[in-house]
Amino acid sequence: MKKPQLVWFKKDLRIEDHAPFAEAASRGPVIALFVYEDEIINAPDYAGRHHQFLNECLEELNDQLSRLGGYLLIQRGNLVQVLQQLHEQTGFEQIWSHEETGNAISYRRDIAVSAWCRENRIGWNEIPQTGVVRRLGNRDGWAGRWAQRMNAPIIPAPPNVTFYSKPESLHLLGTSAFSGIASDSASSIQQGGRKQALQLQRSFLTERGAGYRKEMSSPLTAEESCSRLSPYFTFGCLSIREAYQTARDYRAELYDRKKDGQKIAPGWFGSLKSYLGRLRWHCHFMQKLEDEPSIEFSNFSRVYDGLRENEWNEEWHQAWCEGQTGYPLIDAVMRCLNETGWINFRMRAMVMSFSSYHLWNHWREPSLHLARVFTDYEPGIHYSQAQMQSGVTGINTIRIYSPIKQAADQDPQGEFIKRWIPELEGVPIDLIAEPHKMTSMEQMMFGCDIGKQYPKPIVEHAIAYKSAQSRMFAARGTKAARIEAGQVQKKHGSRKRSSRAWR
Ligand SMILES: Cc1cc2nc3c(=O)[nH]c(=O)nc-3n(C[C@H](O)[C@H](O)[C@H](O)COP(=O)(O)OP(=O)(O)OC[C@H]3O[C@@H](n4cnc5c(N)ncnc54)[C@H](O)[C@@H]3O)c2cc1C
């Protein structure tokens, strides 16, 4: 009788393109395990919406495994203790999992698991699932390795799997095992699971994505024109490789159709190029956290340490979190995020920039708030972007977004603002981005008393902008900053020549 093989599911909640599951299934009876880890669930970057999404993914994964004649063993607790108990009960031979580039808690837990495996002489086979390379050493040639991984064959779900028959002593927990998690106030976050991911991918590649490149920046059009696949990548319902190959093959099909004289909607080729590029960015940013886990807490470029730490303004931070800053586009985005868990890149960059530059608050707490409200929270992308939009990487152009200009560019009719800030419903378009400029008479006429129904701006844009700009340029102009920027670029920067915007 072969010993069982343990497949440890984490942020890879699928059975297709799942090398650990396929490898384990080819060797012996499989135990498919997921563990609700208290430390992860109680951490400040975890929220009810993540839990809800996770549970939906787990239920679907359990259905998939049931169709193969198996089950998902859900346990709760400390990972090492769960492994120890399970080993005593089943005597599993090896652990199979994907590599994970997560937060500091999952990193520490992986170290503990590794030590436990060594002590107990149990093999732990960790297999990459994205383009992130472990123990990379040097960024040279990274993009080529990424392409190689993305073009490798997709691993089909094994058709026949022998599952380890559950011993009586093994208590099966359902997804309600963790009902203690505070439920979320959000009314419309995305639904978890692979079915949703595949549906979104299909609708993006057949209809929604044609205008992606042009429409991704406005919060009005992005909602439909972006893929909306990010939470499914975060929880691994769909692999980046699957998404890459589906888009790559669709592009080839469009080229063939074009050659045959068929009319292809304008925009498709440019949009697919942008989308494929962003799938690479996904891994590029995660690679930064893999290479330097401390960026979850510390500046990429340490010469910026101390720049904002001692000037924290809690009142402004709360106003920002609640969408009460007095800047309508900022407030609309923050309220939209609180309700839906998603907003497009440009708006994410703008709210992060506002917190770091206009409010001059250090990025760590604000990025935790965003981590809790983004359903797609992915630490590697998240902290790299948070730092990038705060000017502390040393290698990115300093970009201070004006919430007034962004409103004029991305929401010229004030439609998005009015959707999320009903207090401003009656305010005319020319005043919608700066309603505090209304006279008392106008406030009466348009039904919005500034300071009562909608707040006055918590900071003055022009003054805050100028101050941030001069402080940033002063900090950036030092010799130490230039030297460190070179080091950050060497360690983390893209080697692609045209990539200034995203490195
Ligand atoms: C401050 C800040 C924090 C962010 N935090 C996260 C996060 O926690 N999780 C997350 O997935 N994305 C994050 N992003 C990146 C980006 O905004 C989202 O990936 C994107 O908006 C998700 O929507 P989508 O799936 O429709 O993306 P699409 O535009 O359809 O892009 C497809 C995929 O490409 C990847 N991608 C797109 N843009 C970027 C980018 N700029 N950097 C890296 N990968 C990208 C994502 O995996 C995305 O799902 C953050 C951006 C900023 C400015």
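Once its neighbours within four places in sequence are left aside, Leu33 is in contact with Leu6, Val7, Trp8, Phe9, Leu73 and Gln75, where contact requires C-beta atoms, placed from the backbone, to lie within 7 Å. This is a predicted model, in which local features need pLDDT of at least 70 and side-chain atom pairs count only at pLDDT 80 or more, while totals for chains, interfaces and linings use all residues. Residues are numbered from 1 along each chain as its sequence is written.

Leu33 is also one of the residues with the most contacts inside the largest nonpolar core, which has 111 residues. Such a core is a set of buried Ala, Val, Leu, Ile, Met, Phe, Trp, Tyr and Cys residues joined through C-beta atoms within 7 Å, and a residue is buried if 20 or more other C-beta atoms lie within 10 Å of its own.

## Domains

An automatic or database assignment divides the chain into domain 1 (5-129), domain 2 (194-291) and domain 3 (295-492). The C-alpha centres of domain 2 and domain 3 lie 27 Å apart, and their contact takes 18 residues from domain 2 and 25 residues from domain 3.

## Around the ligand

The ligand is surrounded by 28 residues, the closest being Cys226, Ser227, Ser230, Arg278 and Gln385; a residue is near it if its C-beta atom, placed from the backbone, lies within 6 Å. Because domain 2 and domain 3 both give residues to this shell, the ligand lies between them. Helix H12 (268-291), a DSSP run of H or I with at least four residues, numbered from the N terminus, gives the most to the shell, with six residues.

Conventions:
Helix = DSSP H or I, 4+ residues; strand = E, 2+ residues; numbered from the N terminus. Buried ≥ 20, exposed ≤ 12 C-beta atoms within 10 Å, placed from the backbone. Contact = placed C-beta atoms within 7 Å.
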